[in-house]
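Hello,

Here is the structure I promised to pass on to you. Have a look at it first, and then read on for what turned up in it.

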Amino acid sequence: MKGIAVSKGVAIGKAYLLDSTKFCIIKHQLNELEAEKEVERFREAIEKTKLQMSEIKKRAKVIADKYAVILDTYSLLLDDDILVNDTIDNIKKFQTNAEWALTQTLNNFLKLFDNINDDYLKGKKDDLDLLVQTILKNLIGHSQESLSDIKESVIIVTHALTPADTLMMPRNFVKGLATEAGGKTSHVGIFAAALGIPAITGIKGLTSDINSGDQIIVDGIGGEVIINPSKENLHHYRKKQENYRIYEERLLTNIHQSAETLDGHPVQLLANIESSKEVASLQKFGAEGVGLYRTEYLYLAANSLPGERELYENFKLIVQEMNSRVVVIRTLDIGMDKQLSDNNSDEDNPALGLRGIRYSLAYPQLLIDQLKAILRASLYGNVKILYPMISSATEIIQANQILEKAKSELRRDQIPFNEKIEVGAMIETPAAVICIDHILAEVDFISIGTNDLIQYLLAVDRTNENVAHLYQPFHPSVLRALKSVMQSAENAGKSVSICGELGSDPMATMLLLGLGKLDDLSMEPHSVPKVKKIIRTIRLEEAKTLADNVLEMKCPDKIEAFITHEMMSRFPEDFDRDLSFEEKSVSSENDQHVI
Ligand code: PEP
Ligand code: MG
């Protein structure tokens, strides 16, 4: 059976059929009074679902920030008046039970989606379907087979996997996932990829053809599920599974090697983290330090603002764990899509509002607490301070004045810290790019936040799905901005890091190196081995030629196609999803030296 491969790898094992069918909803006729009560019952189910979603989101952050962001879609749909109000209207108009009324609302929506020919929006249809199933479960008070009861290795097969399901899953025992619902962008893929579980979504008719206990193969590379495979099939997929395992293992063998081009140019590969819990896994992927600690999750997960002591304990833990390796701690980057729960400010345009350093400067005590905590932790290792959302040198000067105040308070209290602590600025606004020379004069290093830089340069909201196709990392404006920032940093003799998602994308590695001075790349830890492999396989001169060619090009699409073609022909094993791992063996003697 064919579906969409959303998380790489091959799983072979016993199927575990979970809650395989959708609910069969029966219409009950009510009287007027009963219908009123039914509206209340429906509202309660919505509130319960909202609570579940926010609880799940908190826990999801521990798995991956990206995964938690996906869950926002569900919360937004729950807040959507149409879904809730239409259902309430249906309950009143038809005087029926909430389950039936909600199903009617869903069906009307799904009909609208059927006329849309867009993969991304089709993914949203699955999100909506999934959310309605969750609300129905809450209405019915349904308790499904408990996933936590699974005590042996299985492959989960189901119509749709809810976010709640994914968090309840005993991860040691779940070897693969296959679902009927879900598209390319569904949360299942991000969840599975974060945990390294092979997964396929969008397989029509899956659950009617599989029984619990059947032997199945989930090929997360080719996007196929094979039920009760023949001996030959089994042999073929075992080989594919083994080849993929060898490939992954080989990637990991480079973890102790430095990321250096064939002509001897080193790049330090660091990790982006959101929680102290992630530190333990950094060594496994060969990250040489922490290039970006997003501290806002300490605030978002807490019920009250963490004080200096709590922050210090947290930072100290990470710094000690990292030994003498660098830990770049970013001061609070709150605002836009990361709002504090007690924030009542009602900004029309939060992306252009009180966010990042603006927020910290508006609440200086908050910044003092953070800076004192960072300073105190600096005694235990190699700590640097990073200010987010800088748009002028003035903001750095003001923040540094607060830093001086924090230092003098510590001196007064005879608390030791590293007097020579380095300070850096995130370069993520067009203003910072244009006045980069002013900014460089105030800091020891810069770190380019491509996520926001792309958003602000291209005037494309990074969280708005309607303009997702315009969010183009390979846009010439982005590439020119990067080149000019790197050139200015080189002239000023200051170090440059890239800590946005673009730095995690192996497809972009060669181009980024070719654009100019690049000392560090900070990324999702699991991307480190592949990015390192690419760096160790190329010459800086080749990367420069590639970048020069790209800088001549006008259209983002053409640039992307050009880069894709270049990278796929240079690294077929790493970028060609369908051809790899089939018949050929991945270990050939010729390429041993490159890793
Ligand atoms: C960025 O903007 O690229 C960045 C790294 O910061 P964040 O994603 O946390 O805004
Ligand atoms: Mg940013």
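Predicted model: local features only at pLDDT ≥ 70, side-chain atom pairs only at ≥ 80, totals over all residues.

The magnesium ion, ligand 2, is coordinated by Glu428 through OE and by Asp452 through OD, at 2.0 to 2.2 Å. Glu428 sits in the loop between β12 (422-427) and α16 (430-434), while Asp452 belongs to helix α18 (residues 450-458), so this pair ties together parts that are 24 residues apart in sequence. Are these two residues buried or exposed? With a relative accessibility of 1%, Glu428 counts as buried. Asp452 is buried as well, at 2%.

Next, the charged pairs. Side chains of opposite charge can pair when their charged atoms come close. Searching the whole structure gives 25 salt bridges, and I picked out a few for you.

One of them joins the side chains of Glu296 and Arg330, with N to O at 2.5 Å. Glu296 is in helix α11 (residues 296-300) and Arg330 in strand β10 (residues 326-330), so a helix and a strand are tied together by residues that are 34 apart in sequence. Both Glu296 and Arg330 are buried.

Another salt bridge links the side chains of Lys384 and Glu422, at 3.4 Å from N to O. Here two strands are involved: Lys384 lies in β11 (residues 382-387) and Glu422 in β12, so the pair ties together parts 38 residues apart in sequence. Lys384 has a relative accessible area of 17% and is therefore buried, whereas Glu422, at 31%, is partly exposed.

Lys405 forms a salt bridge with Glu409, and their closest N and O atoms are 3.7 Å apart. Both residues lie in helix α15 (residues 393-412), four residues apart, which is about one turn of the helix. Lys405 counts as partly exposed at 43% relative accessibility, and Glu409 is buried at 16%. Some salt bridges also share partners: Glu296, Arg330, Asp333, Arg355 and Asp452 are joined in this way into one network.

Now for some strands worth a look. Strand β13 (residues 445-448) pairs with strand β14 (residues 495-498) in the parallel sense, over four bridges. Within this pairing, Ile446 stands opposite Val496 in β14. Which strand else pairs with β14 in the parallel sense? That is β15 (residues 520-523), and the two are paired over two bridges. Ile498 has Leu521 in β15 as its bridge partner. Between β14 and β15 the chain passes through helix α20 (residues 506-515), and this β-α-β crossover is right-handed.

Finally, a few numbers for the whole protein chain. The chain has 24 helices and 15 strands. Of its 595 residues, 53% count as buried. Among contacts with a separation of 6 or more, 69% come from residues 24 or more positions apart. The protein chain exposes about 26300 Å², and carbon and sulfur atoms supply 50% of that area.

Definitions and conventions
Residues numbered from 1 in each chain as written. Chains lettered and ligands numbered in written order. Heavy atoms only, no water. Donors = N, O, S within 2.8 Å, 3.2 Å for Na, K, Ca; no water. Buried < 20%, exposed > 50% of the residue type's maximum accessible area, 1.4 Å probe, protein only. Salt bridge = Lys/Arg side-chain N within 4 Å of Asp/Glu carboxyl O. Contact = heavy atoms within 4.5 Å. Areas by Shrake-Rupley, 256 points an atom, 1.4 Å probe, with all protein chains shown as cover. Pairing = 2+ DSSP bridges. Right-handed = clockwise from strand over helix to strand, strands pointing away.
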